[in-house]
Amino acid sequence: MDLEESNGGRPAQMYMYNVNFANIACIIVKAGVTVHSLTYRVVNLAGESLEEGYQEVEQMNEELIYELTDKLILKYPRIRALGIGVPGAVHQGVINSCDIPNLIHVNLVAPIHEKHKVEVILDNDMNLTVYGLYQRRGYHERKSLIVTTFIEGSLPGAGIMIDGHIHRGNSHFAGEIAFLPFELSHAEQFRLLHNRDTFHPLAARAVSSLIAVMNPETIALTGDLMSTGDVELIRNECLKYIPELHMPHLILLDNPDEDYMCGLIKMTLESLSYSLQLVEKRR
């Protein structure tokens, strides 16, 4: 840009960050009761949207994701990174459990990276949602936060932030609360969570386990099985196990999709930055 107005010394050269130097594309793969969906957004380096889209499919598979990726990169050749969110556990680029059976054991990262030579970020939907919530609400970096979801047609899951960092666990299995030892099969757990008479006690057992292990400041509850009145009912059930002193703030997350997309965009943009982070030395 121009030179800065002089205050008596040599005027400084001014620069502007080129937000259109590169683009990223983000794709959310969502499981539904009757149909699945793909939601995508292409943004510049400032996170400003260039294009958004949504499509429903009856049978989801990796080929549909590859086709959408090809289409977006052809249209936006400045795309340098791709972020994909999936409803399942991911380890080393491979989906090893998922609410969409066709995607289990699929490696989405390597084929896309090899074909298009772009950075590929693949992560769990709950990790991305909790990261987006953390970013959008401006939580202090030392805070701990959990998002727990109860979605119709699926088993529950959770995303965990500890001291400002996503907690994925050794094999990226952290937050898979459907595997807690309830002494129930997944089919029985599914049935009880989808019954209003048994939903709250079982949901509270999952939330109480998270409180006892993680001791977070806030737990955000979401999913279409949740409603406003359920938060207090679950809190009261939790108090049967957790002392009041250690109860976190429970809130209802009304629109998690924006947090989800925000988290995916932030994480994908960060993949283009240096993989170095300045952290406080702990004594």
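Author: Axes are lines fitted to C-alpha atoms, for helices over the stretch in contact, and their angles run from 0 to 180 degrees between N-to-C directions. This is a predicted model, where local features need pLDDT of at least 70, side-chain atom pairs count only at pLDDT 80 or more, and totals for chains, interfaces and linings use all residues. Residues are numbered from 1 along each chain as its sequence is written, and side-chain values use heavy atoms, with hydrogens and water left out.

Reader: Which residues meet where α4 and α5 touch?

Author: Gln 189, Leu 192 and Leu 193 from α4 meet Thr 198, Phe 199, Leu 202 and Ala 203 from α5. Contact means heavy atoms within 4.5 Å.

Reader: What makes α7 largely enclosed by the rest of the structure?

Author: Buried means under 20% relative accessible area, exposed over 50%, and partly exposed in between (1.4 Å probe, protein chains only). Eleven of the 15 residues of α7 are buried, so the helix is largely enclosed. Among them are Pro 256, Asp 259, Tyr 260, Cys 262 and Leu 269.

Reader: How do you know that the length of α7 agrees with what a helix should span?

Author: The expected span is 1.5 Å times one less than the number of residues. For the 15 residues of α7 (256–270) that gives 21 Å, and the end C-alpha atoms are 21 Å apart, so the two agree.

Reader: How do you know whether Cys 262 is buried or exposed, and what rules out a bond?

Author: Cys 262 has 17% relative accessibility, so it counts as buried. A disulfide needs a pair of cysteine sulfur atoms within 2.5 Å. Searching the whole structure turns up zero disulfides. Cys 238, at 0%, also counts as buried.

Reader: What makes β3 and β8 edge strands?

Author: The open sheet has five strands in the order β3-β2-β1-β4-β8, with mixed pairing. β3 (49–57) and β8 (119–124) each pair on one side only. Two strands pair if DSSP finds at least two bridges between them. β1 and β4 (residues 79–86) have six bridges, in the parallel sense, and Ile 24 stands opposite Ala 81 of β4.

Reader: What packs on that sheet, and at which angles?

Author: α2 (residues 109–116) touches β4 and β8, and its direction makes about 165 degrees with that of β8. α7 touches β1, β2 (36–44), β4 and β8, at about 140 degrees to β1.

Reader: Why is Lys 117 called exposed but Asn 215 partly exposed?

Author: Lys 117 is at 64% relative accessibility, so it counts as exposed. Lys 117 is in the loop between α2 and β8, with phi near 55 degrees, a positive value in a residue other than glycine. Asn 215 sits in the loop between α5 and β12 (218–222), and its phi is positive too, about 50 degrees.

Reader: What about Met 14, and which residues does it contact?

Author: Met 14, in the segment before β1 (23–30), has a relative accessible area of 34%, so it is partly exposed. Leaving aside neighbours within four places in sequence, Met 14 contacts Met 1, Asp 2, Leu 3 and Glu 4. Met 1 is 13 residues from Met 14 in sequence and 5.3 Å away in space, C-alpha to C-alpha.

Key
Helix = DSSP H or I, 4+ residues; strand = E, 2+ residues; numbered from the N terminus.
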